[in-house]
Amino acid sequence: MQNLLAFFYRYAFVFLFLLLEFISIRLIVNRNDIQREIYLNSSSILSGKMYERIGKIKSYFGLQEVNDGLAAENAALRAKLADIQLQTAGRVDSVLDTTTHQRFVLLPAQIVNNSIELTNNMITINKGSLDGVKKYSTVVESNGIIGFVTQVGSRYSSIMSVLNSNARVSVMVKRSGYIGNLVWDGNSPLLMNIEAIPKHGNVQIGDTIVTTGFSHFPKGHPVGLVTRAFVLPGENFYLIQTKLFNDIAKANYVYVVDDLHRTEIDSLSQHTKE
Amino acid sequence: MNSAILKHILRFVFLFLFQVLVLKQVHLYLGSFNYISMIIMPLWIILLPVNLPRWLLVILGFATGIAVDWFYDSPGVHASAGTFLAFIRPFILDYMEPKGGYNRIPIPSKFHLGLNWFVTYASISLLAYLLFYFSMEVFTPVHTLTILLKTIFSFILSILLVLLYMFIFDPE
């Protein structure tokens, strides 16, 4: 006992040093914006780099699947391109087309860190403000949705996965057009629930769910298929379970979607609120 | 009050005012080369009595840093560096112990231990302080080059100031 006390007395300055350093770092993190940003940003440079290395190794294992997915996407895009070329083939002169505007800009990115086992899952991608990623942009995959950008570092960004209890995505039943909210109950990463579709919505098993464009996801982007749909007695809304088209656990190549109309839409809804 | 303690307090006040009222206002640029800041406050920690208990030294280092942080608007950055310097100072002193030991040497200054000894001692201490300070300021080991450049360029000017102080006041 005496030895122990002597030990503590002798090394008191070491503990004091560690304590004061801890206080200093707490101060730095709490009150300096720049450092806080760096500290909070799990996507920030160091961890991002590390995650990217691990991700690179991991991505070799899923190469076949990624290839298939990209090939399928290519094919779909080529089919669309053929449509466009057919439409414009008859044109002799170029026309300034003011009836259509581009609303969404897509930026390819790769996931370097991902989780699905938590209640509030976050994802890190290898694109940041230097690449033009903006806060609150949405992130999609060719066959499904991924999440929202919540923190933008210079080279990496943090994304709130849709597999996060705080995430709400506006979706609709493609066939009937009824609108609801996509939420996650924290269980299976393949299944999500849809809330707030009224009971006269006539949802059937096998219906396709797509995005509405209200949550700044591109309109009509595929989300999943309805696997269960029923109304509890006395309730007014459907309980709907949907199976996602994409497996977020395996997601690798994603697109960051910048909504060019965001400011306008948000300022309008701001006015409505006031 | 003990005159030795009074001297330390006066030195603190002088260095502190010089640091926050003069050196903080000086912005040195070489084109876009923004790596230079002059920091003299560690000199106070460097010149504290040799036989000060280590725990007190660490507390004083922290306090010095916090005081500077107050004016530099950078809570915790100087404090962590000051604590660090105070923590390693006894090790530096042990390492550089002269033949006769530190008996009858109140403070580790040029007056008592000679110019060569003091320059080495002050350089090691100042480098440790600045390296820690800029590491905390930049706060990520990714920008190691920036940290090193800032440390080196700030060290050159700061050590000149420290030596200037030693030649003008030559504290006993």
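Which residue in S5(A) is the bridge partner of Met122(A)? The views below come from a predicted model, and the second legend gives the residue.

**View 1. Overview of chain A, a chain with six helices and twelve strands.** Chain A has 274 residues, and buried residues make up 31% of them. Of the contacts in chain A between residues at least 6 apart in sequence, 59% join residues at least 24 apart. Two closed barrels of this chain, one running S1-S2-S5-S4-S3-S12 and one running S6-S7-S8-S11-S10-S9, are shown in the views that follow.

View 2. Strand S2 (residues 120–125) of chain A and strand S5 (residues 157–164) of chain A run antiparallel and are joined by five bridges. Met160(A) in S5(A) is the bridge partner of Met122(A).

**View 3. Strand S1 of chain A and its pairing with S12 and S2.** Strand S1 covers residues 104–114 of chain A, and strand S12 covers residues 253–259. Seven bridges link S1 and S12 in the antiparallel sense. Among the residues paired here are Val105(A) and its bridge partner in S12(A), Asp258(A). S1(A) also pairs with S2(A), again in the antiparallel sense, over three bridges. One of the residues to look for is Asn114(A), whose bridge partner in S2(A) is Ile123(A). Five residues lie between S1(A) and S2(A), and the two strands form a hairpin.

View 4. Strand S8 (residues 191–195) of chain A and strand S11 (residues 239–244) of chain A run antiparallel, with four bridges between them. Asn193(A) is placed opposite Gln241(A) in S11(A).

**View 5. Packing of helices H3 and H4 of chain B.** The axes of helix H3 (residues 54–72) of chain B and H4(B) are 7 Å apart, and the helices pack at an angle of about 155°. Because of that angle, H3(B) is roughly antiparallel to H4(B). Their crossing is right-handed. Residues of H3(B) in the contact include Leu57(B), Gly61(B), Thr64(B), Val68(B) and Tyr72(B), while those of H4(B) include Ala79(B), Gly82(B), Thr83(B), Ala86(B) and Pro90(B). The residues of this contact divide into 14 nonpolar, seven polar and three charged.

**View 6. Packing of helices H4 and H6 of chain B.** Helix H4 (residues 77–95) of chain B and helix H6 (residues 115–138) of chain B have axes that come within 9 Å and cross at roughly 150°. H4(B) passes H6(B) in a right-handed crossing. Among the contact residues of H4(B) are Phe84(B), Leu85(B), Ile88(B), Arg89(B) and Ile92(B); among those of H6(B) are Tyr121(B), Ile124(B), Ala128(B), Phe132(B) and Glu137(B). By residue type, the contact divides into 13 nonpolar, three polar and two charged. Leu85(B) and Arg89(B) are listed here and also take part in the contact with H3(B).

How values were computed. Residues are numbered from 1 along each chain as its sequence is written. Chains are lettered from A and ligands numbered from 1 in the order in which they are written. This is a predicted model: local features need pLDDT of at least 70, side-chain atom pairs count only at pLDDT 80 or more; totals for chains, interfaces and linings use all residues. Axes are lines fitted to C-alpha atoms, for helices over the stretch in contact, and angles run from 0 to 180 degrees between N-to-C directions. A crossing is left-handed if the near helix is turned anticlockwise from the far one by less than a right angle, and right-handed if clockwise. Two residues are in contact if their C-beta atoms, placed from the backbone, lie within 7 Å. Ala, Val, Leu, Ile, Met, Phe, Trp, Tyr, Cys and Pro count as nonpolar, Asp, Glu, Lys and Arg as charged, and the others, Gly among them, as polar. Two strands pair if DSSP finds at least two bridges between them. Angles under 35 degrees count as roughly parallel, over 145 as roughly antiparallel, 65 to 115 as roughly perpendicular and the rest as oblique. A residue is buried if 20 or more other C-beta atoms lie within 10 Å of its own, exposed if 12 or fewer, and partly exposed in between; C-beta atoms are placed from the backbone.
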